[in-house]
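Subject: Structure for you to look at

Hello,

I am passing on the structure we talked about, and below it I have written out what was found. Please keep it open beside this message as you read.

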Amino acid sequence: MKERPSAQDTHLVKRQQYADRWSSFGEGTGIEWISDRLSASDLSALELFADYDERFLEKIAPDVSIARWRPGSVLFEEGTYLDLAFSVLSGEVEVFVSGVGSGSEPIFATTLAARDPGAGGSGEPSQLDRRARALDAGQLTFLSAMDFDLPRNEGMRLGAGEIFGEIGALNGWPQSVTARTRGPCELVQIRVPALRLMKKRSKELKRRLDDRYRSRTLSTHLAAAPLLRDCDPGLIDALTDRVELVSCEPDEVVVREGDTSDAFYLVRSGFLKLSHGADVGAYQVGYLSKGMTAGEVELLLEEPTWRWTLTSVGFTELVRIERADIVDLFRRHPFVEAGLWKQAVARIKSAGYHRRDPRRSEFLQFSLDTGLVEGNSILAIDLTACTRCDDCVRACADLHDGRTRFVREGERYGNLLIAKSCYHCQDPVCLIGCPTGAIRRAQVGDVVDIDDDLCIGCGACSRSCPYDAIVMHETGLSWPATMLPAGLRGKPQQIASKCDLCYTSNWEPACVRACPQGCAFRVESLEEFQKLVTGDE
Amino acid sequence: MSDAPGTRARLANPLPWVIGAIGGLALFAYWLASRVGSIGPGDPGSRAFGIAAAVALLASWGYSARRRSMRWAPGRVAPWLDAHLYLGVLTCLLVLLHTGLRMPSGFLTWAMWGCTLWLTAGGLAGRFIQLWIPRALTSGLTTEVLYERIPALVEANAARAQAIAASSPEDIRRFYLRRLEHSLAEPRRRPMFLADITGGSRVRIDEFRYLEGRFDGAGREALAELEALYRSKLELDAHYTLQWVLRTWPLTHVPVAVLLLVLVLFHVLSILYY
């Protein structure tokens with residue numbers, strides 16, 4: 001029988017696991033010191049956690065740390081994805097847009113330097129430099145709204161008690177500013193799992209975070225929504241005080257068919273599923289993604305109840321606008337109503353199609369379950385023509401140093417195989433939490449790419465990807481003794497790889513080109529997929 | 001389901017018409033030449049057809065070269081396979097016209113003629129296989145599996161079945177040992193799958209139906225699980241057989257193609273020399 005580990009062994013393992021979780025931010029970066037695992041009493045002494053009981057604090061403790069940062073350290077850069085929020089305990093943090101300031105190198109470039117001591121003086125541009133150039137050239141685009149509403153080259157200072165970074169972290173958006181310490185700073189660092197639990201548990205925190213979103217970002221976000229784009233800014237500002245911010249868990253029902261319809265919803269992030277019919281026999285009639293709205297049909301046709309049930313597919317953030325406010329908007333801006341009519345007609349038409357053809361509804365459910373709704377480029381293989389020759393896989397390997405970036409396996413729908421190849425999602429969750437920024441948009445279409453030079457093989461992206469599209473490869477080498485994060489020292493070197501649509505070749509992806517039967521192809525939207533599956537135009 | 005984009009592009013391909021036109025032209029030219037006099041070895045007409053046949057043969061090798069040039073060649077491979085097929089048929093026609101519709105004489109000409117016929121017939125058969133087997137696999141089976149994974153999946157299935165049988169009532173255990181254990185043990189290729197993609201499963205599954213009536217509760221559940229594993233094994237065997245056919249067919253084609261190329265080269269050199 002296997003010997004049970006002693007309490008001390010367990011404690012040591014837990015400490016190591018905790019250290020590893022934070023080891024991306026190790027010595028040699030801007031961090032002078034980082035706490036060991038905090039106890040519930042340690043956390044309850046901090047104002048931010050004062051409202052929570054001991055048991056809850058024990059639960060979130062592994063995802064919370066306190067770090068002391070050196071002056072001038074870059075916490076994160078504009079355009080990067082983090083899975084962390086920060087709260088200032090002492091000192092000051094400066095946030096700014098598109099500045100290439102002086103001060104120490106950001107953590108990513110420092111990590112790169114730590115991997116290769118020769119790189120710092122090699123004259124190669126740091127990641128900060130590369131991003132700055134991309135920003136200057138207008139090449140860097142953000143996937144969604146800013147979480148700080150700052151003009152370029154202006155900054156803002158955050159002092160004790162301020163929270164920042166949470167909007168991007170919770171919504172999976174890129175950071176819209178660069179954050180840097182002005183002097184020595186002590187910060188509480190909270191990972192997204194803890195943040196979500198805290199927000200759910202504490203109405204006060206939710207109100208505080210929502211107020212911050214309202215004051216910093218919401219008006220920009222509403223003004224950017226297609227429906228409200230041309231509305232009077234004063235009206236938008238007034239609306240921001242009146243809307244409700246709704247956070248939904250996976251599979252949470254937002255409204256049920258038949259419930260009183262008294263509001264209008266705008267999707268901030270995530271997906272909503274529209275379904276019709278009872279729970280057991282319900283069928284899907286549509287979905288809503290970021291920027292889309294729900295409630296226009298009920299509003300315009302003055303229907304007292306919801307036509308459809310709206311259910312959150314993953315974590316979804318919504319803006320809820322009271323009916324009366326929308327009606328007021330119509331009165332002041334008739335074009336908004338005209339725009340909504342178009343959407344309402346399209347929604348009714350789509351629902352009708354799904355209702356008449358069960359294949360469409362079934363396909364929609366499949367798409368939501370497997371993430372096809374997210375995809376910008378999905379590799380599909382027509383199995384009725386595929387001779388299983390694997391020329392597609394071989395071609396991929398040929399173009400990528402002998403390592404294939406996808407597997408000819410995956411979900412099957414009808415005659416189509418959805419291969420395990422990167423979907424190049426609209427909101428790629430794999431970007432969140434990359435400690436070096438190696439995985440990023442390649443600024444070529446929707447391509448999500450991994451920079452081999454920056455990847456440290458931590459596996460965070462591979463674990464995050466819901467579709468098993470990222471594979472970890474052994475390189476045959478080991479990490480040196482000077483490696484950061486420290487937890488990787490001496491360990492076998494791995495590297496993450498995934499489909500990059502062969503964007504560097506300027507040709508079609510090799511998998512599509514190489515297929516001798518012409519049965520491998522890339523589908524770029526759900527509508528395109530729908531046509532293939534149902535044969536409808 | 002509508003045609004995939006690749007299939008639609010293929011149907012619009014003008015290549016078969018072009019090659020068909022060339023073939024028609026060749027036949028017309030042969031007919032014209034035969035009105036003037038017979039075509040035989042050494043005749044200018046025969047030589048012309050021979051050169052055309054050699055060119056068509058070399059051109060058909062373009063597909064093989066294109067497959068190996070992913071790094072530097074743009075465009076898709078699929079049209080090259082189509083060209084290979086049509087050029088192959090055209091080569092056979094041109095060889096026929098080159099011989100003046102005479103039987104071969106001598107070992108070399110017999111060998112070349114034999115290889116040409118083998119490649120053409122085999123190529124067409126291969127094309128038929130490539131059209132038929134994927135459709136059979138997709139329409140007749142519920143699973144899709146990589147060929148290399150099949151042995152591991154079969155092993156996992158067998159282990160699971162053994163575990164279920166070990167904890168089942170006596171009758172089920174006996175049924176497993178006599179009727180299932182051997183079938184589940186390893187992947188099998190069986191010609192039967194070429195005729196019936198389900199492997200005659202209906203008859204085999206009837207045995208489970210018979211036994212089902214004799215159990216309830218846990219016994220029925222065990223039997224249901226064994227049936228599911230057995231069905232899965234049948235599908236894996238079907239894949240193992242049919243995907244093997246797809247993989248093995250090129251071994252009957254490519255070596256002979258290389259041989260023909262060598263023989264043709266020898267034939268041309270010997271003509272030039274003599």
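Helices α2(B) and α5(B) are roughly parallel to each other, because angles under 35 degrees count as roughly parallel and these two helices pack at an angle of about 5°. Please bear in mind that this is a predicted model. Helix α2 covers residues 15–36 of chain B and helix α5 covers residues 78–98 of chain B, and their axes lie 10 Å apart. On the α2(B) side the contact includes Leu15(B), Ile19(B), Ile22(B) and Leu27(B), while α5(B) contributes residues including Ala83(B), Tyr86(B), Leu90(B) and Leu94(B). Sorted by class, this contact of α2(B) with α5(B) has 15 nonpolar residues, one polar residue and one charged residue.

The other part concerns how the two chains meet. Chain B and chain A bury about 3,000 Å² between them, with 51% of that area on carbon and sulfur atoms, and the contact takes 38 residues from chain B and 39 residues from chain A. Between the chains there are six salt bridges, and the side chains of Asp390(A) and Arg247(B) meet in a salt bridge, at 3.9 Å from N to O. There are also ten residue pairs in polar contact between chain B and chain A.

On the side of chain B that touches chain A, the helices α1, α4, α5, α6 and α11 of chain B each supply at least two residues, and the largest share, seven residues, comes from α6(B). By class, that side of chain B has 17 nonpolar, nine polar and twelve charged residues.

Best wishes

Definitions and conventions:
Residues numbered from 1 in each chain as written. Chains lettered and ligands numbered in written order. Predicted model: local features only at pLDDT ≥ 70, side-chain atom pairs only at ≥ 80, totals over all residues. Heavy atoms only, no water. Axes fitted to C-alpha atoms, helices over the stretch in contact; angles between N-to-C directions. Helix = DSSP H or I, 4+ residues; strand = E, 2+ residues; numbered from the N terminus. Parallel < 35°, antiparallel > 145°, perpendicular 65-115°, else oblique. Contact = heavy atoms within 4.5 Å. Nonpolar A, V, L, I, M, F, W, Y, C, P; charged D, E, K, R; others polar. Buried area = accessible area lost by both parts, 1.4 Å probe. Salt bridge = Lys/Arg side-chain N within 4 Å of Asp/Glu carboxyl O. Polar contact = N/O pair within 3.5 Å; in protein donor to acceptor, adjacent residues only side chain to side chain.
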